[in-house]
Amino acid sequence: MLIILRNEPLLFVQGPPVFIKVALKHEESTSVFVLSGEESEIASEVEVEQEQAESVKVAEPSVMRRIMYLGTPFSRQVYRPLQFVLADETLTGTIEKIEGETVVIGMGEDGTELVSVEMAKIDEILWRGDPFVED
């Protein structure tokens, strides 16, 4: 007859000790103390910073993801030529390299003419006339 005690482990494994790393988040105070004469200056600075932040256009995550996929060496050879739809024009070529938020597009038969385009300005990527969709 087999008796199993619930408070004891059923299997003992000899191995190294296990340590669990726990991340603690320390929150800092973000209080701002303003003297009465400085209120108007700080308010105007905040408004200018907000206007600058709104004027910066961020690339769509789906377009950025497709550009990163198409920028790999294998995809450069398979998916060519690509059409990059911008607000006012369409560029036809291949992705030569990606530098941060900028895509360098090689245009023409041999890709000697290089054009730099910001990712945020690309609205759509077409391959064979249809929108490119990752599988």
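**Entry 1**

I looked up E99 and found it partly exposed, at 43% relative accessible area. For burial I used these cut-offs: buried is under 20% relative accessible area, exposed is over 50%, and partly exposed is in between, with a 1.4 Å probe and protein chains only. The model is predicted, so I kept local features to pLDDT of at least 70 and side-chain atom pairs to pLDDT 80 or more, while totals for chains, interfaces and linings use all residues. Residues are numbered from 1 along each chain as its sequence is written, and side-chain values use heavy atoms, with hydrogens and water left out.

What does E99 form with K97? It forms a salt bridge, with the closest N and O atoms 3.2 Å apart. I count a salt bridge when a side-chain nitrogen of Lys or Arg lies within 4 Å of a carboxyl oxygen of Asp or Glu. K97 is partly exposed too, at 42% relative accessibility.

I then searched the whole structure and got two salt bridges. E124 and R66 meet in a salt bridge through their side chains, at 2.7 Å from N to O. This pair links distant parts of the chain: E124 sits in strand β5 (residues 124-127) and R66 in helix α2, 58 residues apart. R66 is buried, with a relative accessible area of 11%. E124 is partly exposed, at 23%.

**Entry 2: elements and sheet**

I listed the secondary structure next. The protein chain has three helices and six strands. Along the sequence the pattern reads α-α-α-β-β-β-β-β-β. I took helices (H or I, at least four residues) and strands (E, at least two) as DSSP runs, numbered from the N terminus.

In what order do the six strands stand in the open sheet? The order is β4-β3-β2-β1-β5-β6, and the pairing is antiparallel. The edges are β4 (113-118) and β6 (130-131); each has a single partner strand, so one side of each lacks a neighbour in the sheet. Two strands pair here if DSSP finds at least two bridges between them.

I looked at one pairing in detail. β1 and β2 run antiparallel and are joined by four bridges. V85 has T90 in β2 as its bridge partner.

Then I placed the helix. α2 lies across β1, β2, β3 and β5, and runs at about 45° to β5. Axes are lines fitted to C-alpha atoms, for helices over the stretch in contact, and angles run from 0 to 180 degrees between N-to-C directions.

**Entry 3: nonpolar core**

The largest nonpolar core has 19 residues, and I67, F84, I122 and I125 have the most contacts inside it. Two or more residues each come from α2 (61-70), β1 (82-85), β2 (90-99) and β3 (102-107). A nonpolar core is a set of buried Ala, Val, Leu, Ile, Met, Phe, Trp, Tyr and Cys residues joined through side-chain atoms within 4.5 Å.

Which residues does I67 touch, leaving out those up to four places away in sequence? I found I95, I98, V103, M119, I122 and I125. Contact means heavy atoms within 4.5 Å.

I also noted two totals. Of the 135 residues of the protein chain, 21% count as buried. Among contacts with a separation of 6 or more, 45% come from residues 24 or more positions apart.

**Entry 4: aromatic rings**

I searched the whole structure for aromatic pairs and got four. Y79 and W127 make an edge-to-face pair, at 4.8 Å centre to centre and 85° between the planes. Rings of Phe, Tyr and Trp (its six-membered ring) pair if their centres lie within 6.5 Å; planes under 30 degrees apart are stacked, over 60 edge-to-face, and the rest tilted. Y79 is in the loop between α3 (73-78) and β1, W127 in strand β5, 48 residues apart.

Y79 also pairs with F132: the ring centres are 4.9 Å apart and the planes at 75°, so the pair is edge-to-face. F132 lies in the segment after β6, so this pair ties together parts 53 residues apart in sequence. Buried or exposed, Y79 and F132? Both are buried. For Y79 the relative accessible area is 15%. Ring pairs link Y69, Y79, W127 and F132 into a cluster.

**Entry 5: backbone**

I checked the peptide bonds. A cis peptide bond joins R80 and P81, with omega about -10°. P81 is in the loop between α3 and β1.

R128 has phi near 60°, a positive value in a residue other than glycine. R128 is in the loop between β5 and β6. R128 is exposed, at 71% relative accessibility.
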